[in-house]
Amino acid sequence: MLILLPPSEGKTAPARGRPVDLAALTRPDLTTARSQVLDALQQVSARPDAPALLGVGASLSEEVARNTALRQAHAAPAAKVYTGVLYAAADLAELTGTARRRANTSVRIVSALWGVLSPADKVPAYRLSMGTSLPGTGPLARHWSRALGDQLTGPGRATDTEVIIDCRSAAYLAAWKPPAGTPWLTVRVVAETDGVRTVVSHHAKHTRGLLTHHLLTRPGSPPRTISAVVAATRELIGPVLREVNHLRAATGPDTLELVLS
């Protein structure tokens, strides 16, 4: 299985640790593409109108200013830097043993700055979203779509034969899509009120995090097919979920629908 996550807006800046080594990150072949985005981000972040250019409010000016020194900033595992709702529920930083090894192998984070990361990759905290367009790189989703190519995990791993559980939002989905024919599930979280189902936001992130944690920590082998993912997800029916549905699509990804309890 391959679990795809978005980065979190909430990040914890590491207090210690060596600066990021681009060549040591997952997919070292992306070093040039990463350097292009990193350099463009540092230049933009030094401008007086940087918050507006990056699409954030003035209250985040301190985080934007931090972008200007990312090559010198302390770095830590992505599992510890990303601390939003999804990551709090997935609890990647606290995994040990088999679950941690499974996470480092089976989880990939699609990032506006780094392209793709494993939870173990060491990076600094930053402020950048995939919907941004930077001078010299243009729209980041297009930049990464070209750089990442067909194989998200790089040469030597056949992602086109693995089931993909996709927890990304639309902006990050645009940066990479699996080759045609890949078993692919996007995760949709809904609540039902008076027979009407509506997509939820905050609870969706939390629930995707719980699903990620469950798939990484449950006993036995990881699911390798769509039907196996659906069966494993149904183990959460009870306190977390009321219903799990597999919604098939004629083209593109199928949907793993999670109905909240």
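## About the model

This is a predicted model, in which local features need pLDDT of at least 70, side-chain atom pairs count only at pLDDT 80 or more, and totals for chains, interfaces and linings use all residues. Residues are numbered from 1 along each chain as its sequence is written, and side-chain values use heavy atoms, with hydrogens and water left out.

## The α1/α7 pair

Let's start with helix α1 (residues 31-45) and helix α7 (residues 140-148), which pack at an angle of about 165 degrees with their axes 10 Å apart. Helices here are DSSP runs of H or I with at least four residues, strands are E runs of at least two, and both are numbered from the N terminus. The axes are lines fitted to C-alpha atoms, for helices over the stretch in contact, and angles run from 0 to 180 degrees between N-to-C directions. That makes α1 and α7 roughly antiparallel to each other (the label for angles over 145 degrees).

On the α1 side, Ala33, Arg34, Gln36 and Val37 meet Leu140, His143, Trp144 and Ala147 of α7, where contact means heavy atoms within 4.5 Å. Sorted by class, this contact has 5 nonpolar, 2 polar and 1 charged residues. Ala, Val, Leu, Ile, Met, Phe, Trp, Tyr, Cys and Pro count as nonpolar, Asp, Glu, Lys and Arg as charged, and the others, Gly among them, as polar.

## The nonpolar core

The largest nonpolar core has 78 residues, and Trp114 and Leu128 touch the most other members. Such a core is a set of buried Ala, Val, Leu, Ile, Met, Phe, Trp, Tyr and Cys residues joined through side-chain atoms within 4.5 Å. Its largest share, 6 residues, comes from α1. Leaving out residues up to four places away in sequence, Trp114 touches Arg34 and Trp144, among others including Leu30 and Tyr82.

## Two positive phi values

Most residues other than glycine have a negative phi. Arg27, in the loop between β1 (2-5) and α1, has a positive phi of about 60 degrees. Arg27 counts as buried at 7% relative accessibility (buried is under 20% relative accessible area, exposed over 50%, partly exposed in between, with a 1.4 Å probe and protein chains only).

Asp91 has a positive phi near 55 degrees and sits in the loop between α5 (85-90) and α6 (97-106). Asp91 is partly exposed, at 32%.

## Ile165 in β8

Ile165 lies in strand β8 (residues 164-166) and is buried, with a relative accessible area of 0%. Beyond four places in sequence, the residues Ile165 touches include Leu2, Leu4, Val187 and Leu211. Val107 is 58 residues from Ile165 in sequence and 9.5 Å away in space, C-alpha to C-alpha.

Definitions and conventions
Angles under 35 degrees count as roughly parallel, over 145 as roughly antiparallel, 65 to 115 as roughly perpendicular and the rest as oblique.
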